[in-house]
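Open the model in your viewer and keep the selection panel at hand. This tour goes from one selection to the next.

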Amino acid sequence: MTNGESMGDLFPDLNGPESPIISGVAHDRSETQVSLRAVPDRPGVAAQLFTILAEGGINIDMIVQAGAATGTVDISFTLPSAQADQVVPMLDDSRGQLGFRSVDINPEVGKVTLVGVGMKTHSGITATFFRALSDRHINVLMISTSEIRISALVPIQDLDEAVRAIHTAFHLDADQVEAVVYGGTGR
C-alpha cells in the first residue's frame, strides 16, 4: 500500500458491512386485520386494548394508529387468522370500557416482508420497496418497519404479485447467484 491507500481502497468489498444489503423476501397468508373505529384519543386506551387482547391469548403483529381532528383515533392491528374468531367477542365485551364506535375485521390480507441487515446503512431501500408495489398497482393497507425489515399488509389477491415485484426490484430472482470470495481472510 502506497500513497495513503488503505485496505478499503485496494479491496472495496471491505468498506461496508459484510452482510448483503437484502437477505430475502418473506410472506404470510395467515393474517387478519382488525380496525377499531373512533376510539377515544386519550392516554391509556391502547394499553387497555392490548392488555385485554394479551389476557385473552391473542398474538399481535402489526399495529397502526391514525388520529383524527375529532378527538378519536382508529387503531388497526393484525393477528393470526386462527385467532380472529376469538377476538370479536373480546372486543364486543370491552366496547364500553374502550369506547370505540365500531370494529372491522378483514381476513383477506397478506403480509410481504423484505429483510436485510444492510438496510440500516443504505438509503433508498424503502423507496424501492414501495415503488415496486406501486408499479404493480398494489395497495398497501398497513406498514411496519425496523432497522432490518420492511413489512406491508396488502390485499390477499395481490400477495403473490407483491412478492414477485419485490424479488424483481431487489434482483433476488436471478437465475444464477454470484458468490463473493474474500481471498486469504478466512471468510
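**First stop: the salt bridges of R37**

Select R37 and D74: they form a salt bridge, with the closest N and O atoms 3.3 Å apart. R37 lies in strand 1 and D74 in strand 3 (residues 72–80), so the pair ties together parts that are 37 residues apart in sequence. A salt bridge here is a side-chain nitrogen of Lys or Arg within 4 Å of a carboxyl oxygen of Asp or Glu. Helices (H or I, at least four residues) and strands (E, at least two) are DSSP runs, numbered from the N terminus.

This is a predicted model: local features need pLDDT of at least 70, side-chain atom pairs count only at pLDDT 80 or more, and totals for chains, interfaces and linings use all residues. Residues are numbered from 1 along each chain as its sequence is written, and side-chain values use heavy atoms, leaving out hydrogens and water.

Now colour by accessibility (buried is under 20% relative accessible area, exposed over 50%, partly exposed in between; 1.4 Å probe, protein chains only). R37 is partly exposed at 24%. D74 is partly exposed at 27%, and D104 is partly exposed at 34%.

Go to E161 and R136. Their closest N and O atoms are 2.5 Å apart, in a salt bridge. E161 sits in helix 6 (residues 159–169), and R136 in the loop between helix 5 (125–135) and strand 5 (142–146), 25 residues apart. E161 is partly exposed at 26%, as is R136 at 33%.

Next select E31, D61 and K111, which a network of salt bridges links. The whole structure holds 9 salt bridges.

**The sheet**

In what order do the 6 strands of the open sheet stand? The order is 2-3-1-4-6-5, with antiparallel pairing. Strands pair if DSSP finds at least two bridges between them. Strand 2 (63–67) and strand 5 stand at the edges with a single partner strand each, so one side of each has no neighbour in the sheet. Neighbouring strands are turned by 25 degrees against each other on average, direction ignored. Axes are lines fitted to C-alpha atoms, for helices over the stretch in contact, and angles run from 0 to 180 degrees between N-to-C directions.

Walk across the pairs:

- Strand 2 and strand 3 run antiparallel, joined by 5 bridges. V64 stands opposite S76 in strand 3.
- Strand 1 (residues 24–40) and strand 4 (residues 102–115) run antiparallel, joined by 11 bridges. E31 stands opposite V109 in strand 4.
- Strand 4 and strand 6 (residues 149–155) pair antiparallel over 7 bridges. T113 stands opposite S151 in strand 6.

**The helices on the sheet**

Select helix 2 (residues 45–55). Its buried residues are V45, L49, I52 and L53.

Where do the buried residues of helix 2 pack? They pack against strand 1, strand 3, helix 3 (84–93) and helix 4 (95–98); contact means heavy atoms within 4.5 Å. Just after helix 2, G57 takes a positive phi of about 80 degrees.

Finish on helix 3. Helix 3 lies across strand 1, strand 3 and strand 4, running at about 15 degrees to strand 1.
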